[in-house]
Structure formats: structure tokens, C-alpha cells
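Visitor: I have a new model open and would like to learn how to read it. Could you walk me through it?

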Amino acid sequence: MGLLVLVFPLTALGMPTAFAVSRHDDALGRALALRRVGLGIVLVFAAMSAVFMAGAALDDPGGWAAIGMIAAWTVPLGALALFGWLRPRLALRVLLVAAITLIALDALTLVGVHSVQIFQHSYGPARDIAGVVLMAALGVVGYKIPGRAARLAVVTFALPLAITAIAEPAGAVVSMLLFSSPPLVAAAYHLAAEHMIAPREAESESVPSGIAA
């Protein structure tokens, strides 16, 4: 049932995507449309996750403690998204470090490092929140520089999914699949956009800057 909840929205993206791409006759326009769709996927999913996490915090513990918890992840999310929009190449380096940290935690859990396992079970929501923040920031950077950000997103969210499939029961795998699919689909859109742009860039670089003697 969980997979159906994921498959229907992602399949429904085909129509607006086809419409957005068909509006443009040139490769650059189609690539821009794909980048916008990819960014939209990530931002919508991140917004839905944010509403869910904020509701959970307001329910328990509630009060000022909940407000502090919400601010603890909304402020970094907004700061990283703005940083990624204004300085995408520099932001990508920061996100690379964050991605390596998350993947390392999952890998250490797989090999059975006890202290990391305790951390994961005690602070699992914190890891999920960090994943949402990273997902949104990579989506913004992916709109600016689609190729590099998309490849990092694929590694960031595909590896934990593979680790979960090896080390965790089926229920955890489905949950991780639901969480990882939106950024992976967005990364696919951004990689397709890069593929459309690359031939144009190569062609422009091959044009001689002067007149041969």
C-alpha cells in the first residue's frame, strides 16, 4: 500500500512534465522545464515533510520546546537553500560533507558499531530531518548546476536505501524507499536536463573564436 501512495503521485508527474517540455522547441527551454519540475518535486515533498514534522513536534513535546525544535531545523533549511541559490558551487561542497556524514552513519550501523546503532535508534528523527534539509538544499543547487548536484543526490539517497535493504526488515526498506524516491526522481530530471544542455555547450566550445588564416 505504501508503494502505491508513492507510485501514483510520481506517475502523475508525467503529464505536467510532458506539457512543460512540449511548450519549448529548443533544448535549452526543455532543459529549463525539466530543472523546474525537478526542483518542484523536491520542494513539495520537503514542504509536506516539514508540515508533518512540525505537527509531530507540536503534539509532543509541544509548547516552547516544540517551537525550539522546529526552529532548529527550519533555520538551517532556509539558510542552506538560500546559500545554494546564491552560491551553488560553494554550497555543493558543504552538502558533500553533510552527505558523507549521513552515509557514514548508515554504513557504521550496517557493520554493527554499537554506539552508532544506539545513536540511530535514539535520534532517528534527527537523521530524517537532516535528510529532508539535505534533500531540499540539493534540489535548489540542482536547479542551478543540475549535473553535479544530481549525482550527489543519487549517491546520498541511493546508498542509504541499499544499506537499509541489507540491514533492516522489509518495513524499514519501504519507508526508506518512500523517503528516497522524490529526491532520486528529481535527480533524474536534473540529469536529463544536463544531458540536453551538454551537446549545446560542447558545440559552442568547438566554434573557433577567430577566423583561420
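**Reading a helical model**

Guide: The protein has 9 helices and 0 strands, where helices (H or I, at least four residues) and strands (E, at least two) are DSSP runs numbered from the N terminus. This is a predicted model, in which local features need pLDDT of at least 70 and side-chain atom pairs count only at pLDDT 80 or more, while totals for chains, interfaces and linings use all residues. Residues are numbered from 1 along each chain as its sequence is written, and side-chain values use heavy atoms, with hydrogens and water left out.

Visitor: How much of the protein is buried?

Guide: Buried means under 20% relative accessible area, exposed means over 50%, and partly exposed lies in between, using a 1.4 Å probe and protein chains only. Here, buried residues make up 38% of the 213 residues. For a case in between, take L178 in helix 9: L178 is partly exposed, because its relative accessible area is 26%.

Visitor: Which residues have the most contacts inside the largest nonpolar core?

Guide: In soluble globular proteins, nonpolar side chains tend to be buried together. A nonpolar core is a set of buried Ala, Val, Leu, Ile, Met, Phe, Trp, Tyr and Cys residues joined through side-chain atoms within 4.5 Å. The largest one in this model has 40 residues, and L92, L95, L138, V141 and F179 have the most contacts inside it. At least two residues of this core come from each of helix 3 (27-59), helix 4 (63-86), helix 5 (88-110), helix 7 (124-144), helix 8 (146-167) and helix 9 (170-206). Helix 3 gives the most, with 11 residues.

Visitor: What is F179 in contact with, beyond its neighbours within four places in sequence?

Guide: Contact means heavy atoms within 4.5 Å. Leaving those neighbours aside, F179 is in contact with F45, D128, G131, V132, M135 and F157.

Visitor: At what angle do helix 3 and helix 4 pack?

Guide: Axes are lines fitted to C-alpha atoms, for helices over the stretch in contact, and angles run from 0 to 180 degrees between N-to-C directions. Helix 3 and helix 4 pack at about 155°, with their axes 8 Å apart. Angles over 145 degrees count as roughly antiparallel, so helix 3 and helix 4 are roughly antiparallel to each other.

Visitor: Which residues make that contact?

Guide: Helix 3 brings A50, M53, A54, A57 and L58, and helix 4 brings A66, I70 and W73.

Definitions and conventions: Parallel < 35°, antiparallel > 145°, perpendicular 65-115°, else oblique.
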